Amino acid sequence: MIGMRFLPKARSGKWWLIAGCSTLLVSLLLWIIRFGLLEQPLSGTHLFRFFLLAFLLSLVFGISGWLGARRLWLLSNAGMAAGLIWMARTSGERNGWEDLAGFMNFLGLTAAGFAAGLLAELVWLVVRRMKRT
């Protein structure tokens, strides 16, 4: 796939570097949205939970890339980026419900990106098998 050349090959150690950088970036963005944009009180518990969420998402997406599912990695991260942007835009009312709705939108868009990635990988697999026959 032409647009995928910038991504490492399957089983490359670079996927772990990408997952680590993704963890730090997503953690930082979640912290900026929560504690900067929404002006919530700084809490070590929330810092750790957002870091853990970013770590788990980046680990799952990194493993998928390491296994060779580069479309899954790309679309999952696109969904996560869209979710972060949406959460930052919709969580501005600060009464609690908007924060929760923004976070749920983040999770929903991340899941939608993951589902789109799974579908893209499945379509790619079917097309590749049909070309072989």
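Helix H3 passes helix H4 in a right-handed crossing, where right-handed means that the near helix is turned clockwise from the far one by less than a right angle, and left-handed anticlockwise. The contact of H3 with H4 comprises 15 nonpolar, nine polar and four charged residues; Ala, Val, Leu, Ile, Met, Phe, Trp, Tyr, Cys and Pro count as nonpolar, Asp, Glu, Lys and Arg as charged, and the others, Gly among them, as polar. The model is predicted: local features need pLDDT of at least 70 and side-chain atom pairs pLDDT 80 or more, whereas totals for chains, interfaces and linings use all residues. Residues are numbered from 1 along each chain as its sequence is written, and side-chain values use heavy atoms, with hydrogens and water left out.

The axes of H3 and H4 (residues 97-132) come within 7 Å and cross at roughly 160°. Axes are lines fitted to C-alpha atoms, for helices over the stretch in contact, with angles from 0 to 180 degrees between N-to-C directions. H3 and H4 are therefore roughly antiparallel, a term for angles over 145 degrees. Gly-96 is in the loop between H3 and H4. With a relative accessible area of 33%, Gly-96 is partly exposed (buried is under 20%, exposed over 50%, partly exposed in between; 1.4 Å probe, protein chains only).

The protein has four helices and zero strands, in the order α-α-α-α from the N terminus. Helices (H or I, at least four residues) and strands (E, at least two) are DSSP runs, numbered from the N terminus. The C-alpha atoms fill a box of roughly 60 × 25 × 20 Å along the principal axes, and buried residues make up 32% of the 133 residues.

Six aromatic pairs were found in a search of the whole structure. Rings of Phe, Tyr and Trp (its six-membered ring) pair if their centres lie within 6.5 Å; planes under 30 degrees apart count as stacked, over 60 as edge-to-face and the rest as tilted. The ring centres of Trp-15 and Trp-73 are 5.5 Å apart and the planes stand at 70°, so this pair is edge-to-face. Trp-15 lies in helix H1 (residues 14-37) and Trp-73 in H3 (residues 70-90), so the pair ties together parts 58 residues apart in sequence. Trp-15 is buried at a relative accessible area of 0%, and Trp-73 is buried at 14%. Ring pairs also link Phe-50, Phe-103 and Phe-106 into a cluster.

Charged side chains also sit over rings. The charged end of Arg-71 is over the ring of Trp-124, 4.1 Å from its centre, and Arg-11 lies over the face of Trp-66 at 4.7 Å from the ring centre. The criterion is NZ of Lys or CZ of Arg within 6 Å of the ring centre and within 35 degrees of the ring normal.

Key. Angles under 35 degrees count as roughly parallel, over 145 as roughly antiparallel, 65 to 115 as roughly perpendicular and the rest as oblique.
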